[in-house]
Each structure stands twice: as structure tokens, then as C-alpha cells.
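Reader: Hello! Could you walk me through how to read this model, starting with the place where the chains meet?

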Amino acid sequence: MSDRRLVVVTAGLSTPSSSRLLADRIAAASVAALAERDVEASVTTIELREYARDLMDNLITGFPSVRLDAMLDDVASADGLIVVTPIFSTSYSGLFKTFIDVLDPKALTGTPVLIGANAGTARHSLAIDYAIRPLFAYLHADAVPTGVFAASSDWGDADGDTVRPLQERVERAARELAAAMAVRQSKPLAVDPFDPASFGDGSSVGTMLGGLAGF
Amino acid sequence: MMQFGIFTVGDVTTDPTTGRTPTENERIKAMVAIALKAEEVGLDVFATGEHHNPPFVPSSPTTMLGYIAAQTERILLSTSTTLITTNDPVKIAEDFAMLQHLADGRVDVMMGRGNTGPVYPWFGKDIRQGVELALENYNLLHRLWREEYVDWQGRFRTPLQGFQSTPRPLDDVPPFVWHGSIRTPEIAEQAAFYGDGFFANNIFWPKEHFMRLIGLYRQRFEHYGHGRADQAIVGLGGQAFIRKNSQDAVSEFRPYFDNAPVYGHGPSLEDFTEQTPLTVGSPQQVIDRYAAMRDYFGDYQRQLFLMDHAGLPLKTVLEQLDILGEEVVPVLRKELAVNRPESVPDAPTHAARVAEARAAETTVETAAAPEKEDTHV
């Protein structure tokens, strides 16, 4: 049995939020789907609401607070990522985008990502594909084909999708995420740019300086 | 042993408490007055930034520093920073050698890449090559100051054949160079490679980051054979607002903080003072904060304070310098000298570097002498 780190980021604003509710469901389904593949997953769940000030301060000052820095490290080192944002004005919420904006643009390169979103009605469901998916394409993340959108009605029977209910969509996406995570090795530790070892002979800077100085 | 001084951004900023904005002329003259005051209160260094866009005035640092040099006797004149990316390294070599002669050696220089994106295209460069520009341009500058005639070809500047930069550095000893950086490990590596100083401008970021950046510089300094890691030449930024009573300092500075161009309208003064070296309070609070810096970064050589930004009126800045120079720095000098190992170098000065160069020459001559005798034998 091998281990993977699953990180869940939710941008819901109320407590508890529908985004968190959806995120927890997706996380549970993903852990189960990984277990079927004999992969044990640990789950770290991040509520962006708790970092709202830190995120905005980072935009203003250019540096993350110590706690935000630790959170961003968690995200960057995840073997798989589940993100859930409410849809505001046809797109991801401002809080969610601020999180993406302070994240190192290379942090999610190659990381399997499952995109979830929620809104009042199903009329917003394509926002996943026209607004959120391009964001992860830009970040060179590996977003799984199925995005999970939950309208308020999905949480009851009355108007929800009875042909393909929410839980079925959750499980399909979770299986895709599990497949993507299972075929990858556990994410190697990123090269630490401040580690003197990354400046040895043969490193790009060593080569540049060496070339200049005639060494 | 250590040098204490001030560095200025040269911003023209509206005083948020009065709504008054100084003219460019007033700001430029204020910078000169601040430099003269720095010498008067016993500080060691005055450094000016370089900018090419309003609301900043110091586009021409050696002109300003030359003018200040003529009116001072002791203070060391420097920059924070000189744009090694977009300036022609030939002109930097010449401007600072000229300044060095006029100021009788009271000059050093801090290289930086600049943080204003459009400056690169304005000077015909591409910001994506910022690090490469810094490496290549500095390599040329380093040679121009040390080699009489330079043949050179690179990617970013027209080639040179038999070029002699003039005037030659004073006493054939180039100005000491600091490499300034906030976040870039490549610049720490560059400083270490040449055995130059590394100035970590830590005023806007938490210390944890700079402990790693300075740690990298120190280790690589040793790797390149310039001395032990704890003998590398480190400078730090700082920022303070000081009044006799801590609460007076906080209430007077808060409107300037809340509206400051860089961090205003963001984190609270309390959060920012906790996360960065900004210290707003009594002289003793500032002393305690800065006396502890070496616990994180090791014994270091230069401490510069930002004292004159965010629209603070000249009168206030001059009062601040009085307190800094008379009540804070003398105590810091004493406290930071305690338990400072003998083997940690003093802050570099022209006189010391000349003496070092002469001593090295003598060593070479003495080493050569027996050989001469041998040939006679």
C-alpha cells in the first residue's frame, strides 16, 4: 500500500458552506477510490475563508504571512488537489482567485486537480468549463475531465438531477482523480531554491557565473 | 566595526495628515538635508535609490552623491540600489570611479535589478532577462575596474576592444560592491562568487525568508573560498519610527503607515511590525529589536534604516535622525560589539581596502624576493 497526500481547498464563505459540504463529499469519495487502488490517502482540508486577510495582505505587501506560507507549501506539495469554489457573477469567487494569484505559478505543474463548484441554480454549471478549467490549464495542472457542479437543488430530491444524481458525478470524478494520482509517484520534494546544494557546479547559475568568469 | 546609516527611496508622497505634497525640488533638497543630518548625528552611511518614474526623484544618484560629498567629510555615500540591469556597466564604472575620486574614497555601491517593470523596456531591455543582465553587466563592471584595457563581448552590450574605463578607481581599489536582493537566490550566489557584500533588503518581508537567503550567501561565500561563512559581508535593511514614549510613536506614525505607498491599506501596523523589522516605539524598543538581528542573521557589517518615506515631513525626519543617531545607534554599536568574534570582518571602507591591497602586494613581493636571490646564488 502506498501513500498519497490529498489537499482540499474550499472557498465557501459561510460556516458551514455548501462548498465545504461538496468538498467533503468529493474528498471522501476520492479516498475511497484511492483505497480501491490500494493507495492510502491523507487529507488536509483548507478553508480559504480562514486565510482571507492573509491572502489580501499578501497581494498588498508581496509576501505571505508565516501561516499562509505554510498553507501554500501544503498545496504545492499535494499529490492531488480538490478545489471547490462558489460561482459568483458567472465565475470563481474573488477569494478563490486571490488564492490562485498568490500561489507560485509553477506550484501545480502536473498536479492532478478535481474541480468542484456550487451555486444557487444549475444554470451556472458550465462555469467550471469556461472559467475555472482554463485557470488550471494556465497553471499546467492536470485537471480531471469531470468537474462536479452542485446546485442548491442537488442537496435535496425535489429538483435535483434524478437521472445522474450528484453522488454519481462525485464518484465518477473521484475515480478519475484517483487514477491520475495512483499512476504518479508521490510528488518529489520541490528543489529548494535557497538550498546551497542547488547551486553546485552544473546548476544553471553555476554555469552562468562560471561561463562569465572563464572557469 | 559595524556601519549604521540610512537609505532613502526618494519618493514624493503627500503627507496624509496635512494633504500637502512637496515639490520635486523640495524633496531633492530634503534628501540632501537628510544626508547632511546623517553625518551630523554620527551615522556612517547615506544611500539613495535610483528610479526613473515619478513619484520618485533620484534618477541621477552620482550627481546627488557628488553634491553631498562636497558638503560632508566623513559619511560614506552609497546607493540602494544602482540598476545593474538597465544601466550601461561602462557608465556605472566611470560614474562611480569619478565619485570615488571626488569623495576621497567615501563611496561604495549596491547593485540591484530594480522593481519597476517598465524601466526595462524604457532602457531597451527585457525584464525576463533580469538575472542574466545582472550577471553579465556586473561581470563587465568588475573587469572594467580591475583591468586596465578590456576586450569584451557579451549578449547585452556592444563589444569593447582595448577599452580603458576612466578615471581609474582611486588608489587602484574599486568601490566596494554590495549586491542587494529581496528574494533572488541567484543574486546571493553572485555576491558569494565575487566575495562581494550581500545586502538583504528585509524591510518588507518576514525574517524567516531572509535567514534562508543570507544563509545561502554565507555558505556559498565559504564555498568560493573567500573566508568562512561567518566572515561573509552582510548588510540589512531596517525601518523605525521613534519617540520617547512608545504610544506617541505609534499614534504619530500610524497615518503614514496606513497610507504608505508600498504597504498602505494592507496589513495593520501591528501585524506588519510583528512580521517585518519595522519598529515603532521608544528608543529602547528599537535598540532591543535591532540588537537581536544578529541572533537570526549572524554578526553583520551594515545596518541601514529607511527613515524618510511615506510623506513624513522633513522636520520630523530630522528629529528622527537626531534620536536615531544620538540615542539608538550608539547603544547598538556597543551591544553589537559584545561577543562579536575577532575573526568577523569590520564593515568595508576604502582605507581598509587600500591597506589590504598594499599588504597583498607586499606579500607577493616578499614571496618573490627569495627567488630573485636564488637566481643570484
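Predicted model: local features only at pLDDT ≥ 70, side-chain atom pairs only at ≥ 80, totals over all residues.

Reader: What area is buried between chain B and chain A?
Author: The size of an interface is often given as the accessible area lost when the parts come together. For chain B and chain A, that area is about 2300 Å², and carbon and sulfur atoms give 71% of it. On the chain B side, B:Leu135, B:Phe193 and B:Arg212 supply 22% of the area that this chain buries against chain A, more than any other three residues.

Reader: And how many salt bridges are counted between chain B and chain A?
Author: The count is zero.

Reader: Let's turn to pockets. Which residues lie nearest the centre of the second largest pocket?
Author: Those are B:Gly114, B:Asn115, B:Ile182, B:Asn201 and B:Phe204, out of a lining of 40 residues. The volume of this second largest pocket is about 1100 Å³.

Reader: Which helices and strands supply at least two residues each to that lining?
Author: Chain A gives α2 (52–61), while chain B gives β1 (3–8), β5 (108–112), α4 (119–122) and β8 (176–181). Sorted by class, the lining of the second largest pocket has 18 nonpolar, 18 polar and four charged residues.

Reader: How many cavities of 30 Å³ or more does a search of the whole structure find?
Author: Four. The largest cavity holds about 60 Å³ of space. Its lining has 13 residues, and the closest to its centre are B:Gly105, B:Val107, B:Phe176, B:Thr349 and B:His350. By class, that lining splits into seven nonpolar, four polar and two charged residues.

Reader: Now the backbone. Where are the cis peptide bonds you can show me?
Author: One runs from B:Ser80 to B:Thr81, with omega near 15°. B:Thr81 sits in the loop between β3 (76–79) and β4 (82–83) of chain B. Another joins B:Thr166 and B:Pro167, with omega about -5°. B:Pro167 is in the loop between β7 (160–163) and β8 of chain B.

Reader: What is phi of A:His140?
Author: Phi is near 60° there, a positive value in a residue other than glycine. A:His140 is found in the loop between α5 (127–138) and β6 (142–143) of chain A.

Technical notes:
Residues numbered from 1 in each chain as written. Chains lettered and ligands numbered in written order. Heavy atoms only, no water. 1 Å grid on protein atoms, 1.4 Å probe; cavity = no way out; pocket = protein on both sides within 12 Å on 5 of 7 lines; lining within 4 Å. Points joined across faces, edges and corners; volume = space filled by probe spheres on them. Helix = DSSP H or I, 4+ residues; strand = E, 2+ residues; numbered from the N terminus. Nonpolar A, V, L, I, M, F, W, Y, C, P; charged D, E, K, R; others polar. Buried area = accessible area lost by both parts, 1.4 Å probe. Salt bridge = Lys/Arg side-chain N within 4 Å of Asp/Glu carboxyl O.
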